[in-house]
Amino acid sequence: MKKTLTLIMFCLATAASVQAQDEIEWLTADSTEIPSLEEIIRIESDLSSTKENESHYRKIWGKTTFLNLNYTTTTFSSDAFPTAGGTYQREFKNNLGLGLLSGKTYNFHKKPIGTVLFIGLDYVPMDLNFNSFDEEAPSQQFEQATDEPYCLPWHQKKMTVDYGMSLGPSLTFYPFTALHRSGTDNIRLQFYFRVGYHFAVAMIDEVSPRKGKDKKTEYLWGNGLSKSYGLNLTWGFVGFGYEHRQFSTFTYRPFSSTFKTGDLETEQANNRLYLQFRF
């Protein structure tokens, strides 16, 4: 009987000892997993810094809407010039060109490749332009050879207004983001290529009508496809850029028959310097 009681007491003591040891080990292990106050402060600081950086870059990368104020130089020519034959003026240049363009860049990914590059698609729903051309006086020799002014009536004073839309790929670089300096993070360099369609209205005004003739004005409309490429550099919300735009064929058709011009296929080229705003 004594042996049995002794055995039972020994088993109970052993079980209690094992349970106590397990509790000590659990408490010890658990206490090592509890972070210190310094670690908690550091973790919260890191999280706050990460959120601030993400917010900072989202604001920079989110400026994908742009508005351009353009100053344009335009050349205007046609294989039909001059109408009377011979070597005469075949190309006219504008004396004033202004434009307004707005669009948006749609990036294909949320974060830049290698922290510096976005690949996207530019969509321009509004490209509005005005050009004015002075009268081009024909040479005296030419006037003696024919009763009609050369390139009738295109040598006269003229104005054109065109409106178009365009679409094309773009590459946007943030060259200084790797430096992590707030003063240079928002410097952006963009290259683009676009294809567009344009509709235009032209007014040709006879500045110096011949003797005994009333002053004439011709109204025409035209349309054509354009190709353009350019680049811009912005810092924050403002920048500047350059664009070259080419119309291989832009056809004008008369609303009236004042000069009996008929349809005219022209070639046009624009060089545009612009001030850009980003939103």
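Residues are numbered from 1 along each chain as its sequence is written, and side-chain values use heavy atoms, without hydrogens or water. Because the model is predicted, local features need pLDDT of at least 70 and side-chain atom pairs count only at pLDDT 80 or more, while totals for chains, interfaces and linings use all residues.

**Exercise 1.** Classify the ring pair of Phe-118 and Tyr-174, and state which parts of the chain the pair ties together.

Solution. 
- Rings of Phe, Tyr and Trp (its six-membered ring) pair if their centres lie within 6.5 Å; planes under 30 degrees apart are stacked, over 60 edge-to-face, and the rest tilted.
- The structure holds 10 aromatic pairs.
- In this one, the centres are 6.0 Å apart and the planes stand at 80°, so the pair is edge-to-face.
- Strands are DSSP runs of E, at least two residues, numbered from the N terminus.
- Phe-118 belongs to strand 4 (residues 117–133) and Tyr-174 to the loop between strand 5 (157–173) and strand 6 (187–205), so the pair ties together parts 56 residues apart in sequence.
- Both Phe-118 and Tyr-174 are buried (under 20% relative accessible area; exposed is over 50%, partly exposed in between; 1.4 Å probe, protein chains only).

**Exercise 2.** Find the rings over which the charged ends of Lys-158 and Arg-194 sit.

Solution. 
- The criterion is NZ of Lys or CZ of Arg within 6 Å of the ring centre and within 35 degrees of the ring normal.
- For Lys-158 the ring is that of Phe-92, with the charged end 4.1 Å from its centre.
- For Arg-194 the ring is that of Tyr-192, at 3.8 Å from its centre.

**Exercise 3.** Describe the largest cavity and its lining.

Solution. 
- On a 1 Å grid over the protein atoms alone, a cavity is a set of points where a 1.4 Å probe fits but cannot get out; lining residues have an atom within 4 Å of a point.
- Points are joined across faces, edges and corners, and a volume is the space filled by probe spheres set on the points.
- The largest cavity has a volume of about 80 Å³.
- Of its 13 lining residues, Asn-131, Thr-160, Asp-162, Tyr-252 and Gln-268 are the closest to the centre.
- Strand 8 gives the most to this lining, with 4 residues.

Notes
On a 1 Å grid over the protein atoms alone, a cavity is a set of points where a 1.4 Å probe fits but cannot get out, and a pocket is an open set with protein on both sides within 12 Å along at least five of seven lines; lining residues have an atom within 4 Å of a point.
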